Amino acid sequence: MRRILHVDMDAFFAMIEQKRRPALKGLPVVVGGRGNPASRGVVSTASYEARKFGIRSAMPLRTAYALCPRAVFLPVDYETYSRVSRRIKGILREISPVIEDVGIDEAFLDISQLEAPPEEIAGRIKARILQETGLTCSIGIAPNKLLAKMGSDLRKPDGLTILVREDVERLIWPLAVRKLHGVGPKTEAHLKAAGIRTIGDLASLSRERLINSFGRSYGTYLYAASRGMDDSPVVTEWEPRSMSRETTFDADVSDRETVTGVLRDLAQDVVSSLKRGGYRGRTVGVKIRFGDFKTITRAMTFLDPSDSLEMILEAALRCLDRVDLSSRSRVRLVGIRVTHLERADQESLCLF
Ligand code: TTP
Ligand code: MG
């Protein structure tokens with residue numbers, strides 16, 4: 001059975017602001033737009049204190065102000081939040097490389113292959129995020145993504161919910177249909193008209209009835225999802241397709257020595273990047289741009305992917321040999337590109 005973990009940060013933007021301005025701790029904080037409640041814009045995040053006044057994400061700032069005039073309104077500082085987000089994803093990646101990044105403050109991890117018990121893994125994640133960012137998160141662990149995400153939402157903030165199949169009836173069925181991933185306001189209204197309010201109500205409908213009302217694909221989805229069934233995989237990040245480096249000379253050059261020397265440095269750089277990411281490349285290409293902007297590329301492919309500086313440099317120099325440097329104007333730019341990348345650990349990633 002798979003073990004999937006979903007992490008979702010608590011009141012993400014607001015907590016970051018409260019962390020860096022300790023005077024805001026315990027106060028209603030609203031992050032949104034340019035932070036001016038009299039201007040247009042909507043609430044991105046409301047701190048838990050602000051939520052007590054009924055303030056919610058996506059609400060106009062003006063409405064939020066009407067609900068709680070003494071709340072502290074702050075502009076969205078996306079750059080800082082993204083930086084914190086990257087730091088958190090870095091921590092998660094260390095726990096399991098099988099990670100699906102689903103938003104600025106959430107991610108799925110497949111922890112099926114880890115030996116430690118789920119409580120311990122969750123505890124480790126919470127402790128490291130708190131230690132490195134000062135923030136709390138909520139975690140759900142379940143046999144699939146659907147239930148893991150619902151789990152992380154069940155006990156916020158700083159929650160941990162471990163769900164097994166048998167919990168679906170007791171913990172998931174009483175929830176409003178809207179809490180089911182993929183059920184939007186339209187479906188909710190449609191179901192409500194038929195007297196279907198909870199996920200349990202939905203699960204009482206036959207597959208045929210759901211397919212009749214919602215079509216084969218969505219109907220089948222609702223049938224499975226209302227029973228807590230989901231076999232969608234954790235999709236790891238997109239892999240880079242290539243790694244490249246290039247240099248434009250201050251003044252165009254004509255001698256082969258200089259071009260070769262620069263190509264050597266660029267190859268060294270690109271090989272360091274490959275090694276850092278754990279990649280090997282199958283194809284090496286060289287780009288030469290002349291003073292008249294005419295650009296020539298040459299490439300060569302290995303039998304087996306490589307991250308060896310020696311092999312990649314040699315391939316680059318052989319590509320360079322196939323460029324006639326004497327016939328044209330002087331060289332303006334030289335570049336190297338390694339493509340058809342493969343990752344050393346890719347095989348093991350494909351196993352689950
Ligand atoms: P959420 O995880 O939905 O919300 P949250 O982290 O603020 O609060 P919770 O404790 O309930 O998880 O969204 C994460 C961030 O994404 C949120 O801090 C701000 C941003 N966001 C918006 O900008 N607009 C929106 O409508 C929502 C829902 C989120
Ligand atoms: Mg969140």
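**Buried residues, a magnesium site and the overall form**

User: Why does D8 count as buried?

Analyst: In this predicted model, D8 has a relative accessibility of 13%. Buried means under 20%, so D8 counts as buried.

User: What makes M9 a buried residue?

Analyst: The relative accessible area of M9 is 3%. The limit for buried is under 20%, and therefore M9 is placed in that class.

User: Which protein atoms are donors of the magnesium ion (ligand 2)?

Analyst: The protein donors are D8 (OD), M9 (O) and D105 (OD), at 2.0 to 2.3 Å from the magnesium ion. A donor has to be an N, O or S atom within 2.8 Å of this metal, so these atoms qualify. Along the sequence, the donor residues follow the spacing D-M-x95-D.

User: Why is the arrangement around the magnesium ion (ligand 2) called octahedral?

Analyst: Six donor atoms surround the magnesium ion, and the angles they subtend run from 81 to 179°. For six donors, octahedral requires opposite donors over 155 degrees apart and all other angles between 65 and 115. The arrangement is therefore called octahedral.

User: Where is E17 found, and why is E17 called buried?

Analyst: E17 belongs to helix α1, which covers residues 12-20. Its relative accessibility is 1%, and since buried means under 20%, E17 is classed as buried.

User: How do you know that the side chain of E17 makes polar contacts with the side chains of R21 and Y81?

Analyst: The distance from the E17 side chain to the R21 side chain is 2.7 Å, and to the Y81 side chain 2.5 Å. A polar contact needs a pair of N or O atoms within 3.5 Å, one able to donate a hydrogen and the other to accept it. Both pairs are therefore listed as polar contacts.

User: Which residues does E17 touch, not counting residues up to four places away in sequence?

Analyst: E17 touches L24, V31, L74, P75, D77 and Y81. Contact here means heavy atoms within 4.5 Å.

User: How many helices and strands does the protein chain have, and why is the chain called more spread out than a compact globule?

Analyst: The protein chain has 14 helices and twelve strands. Its radius of gyration is 27 Å, whereas the globule rule gives 20 Å for 352 residues. The value is well over the rule, so the chain is more spread out than a compact globule. Along the principal axes, the C-alpha atoms fill a box of roughly 80 × 50 × 40 Å.

User: What percentage of the 352 residues is buried?

Analyst: Buried residues account for 44% of the 352 residues in the protein chain.

Key. Residues are numbered from 1 along each chain as its sequence is written. Chains are lettered from A and ligands numbered from 1 in the order in which they are written. This is a predicted model: local features need pLDDT of at least 70, side-chain atom pairs count only at pLDDT 80 or more; totals for chains, interfaces and linings use all residues. Side-chain values use heavy atoms; hydrogens and water are left out. Helices (H or I, at least four residues) and strands (E, at least two) are DSSP runs, numbered from the N terminus. Buried means under 20% relative accessible area, exposed over 50%, partly exposed in between (1.4 Å probe, protein chains only). Donors are N, O and S atoms within 2.8 Å of the metal (3.2 Å for Na, K and Ca); water is not among the atoms, so sites may look incomplete. Four donors count as tetrahedral if all angles lie between 85 and 135 degrees; four count as square planar and six as octahedral if opposite donors are over 155 degrees apart and all others between 65 and 115; anything else is irregular. The radius of gyration is taken over C-alpha atoms; the globule rule is 2.2 Å times the number of residues to the power 0.38.
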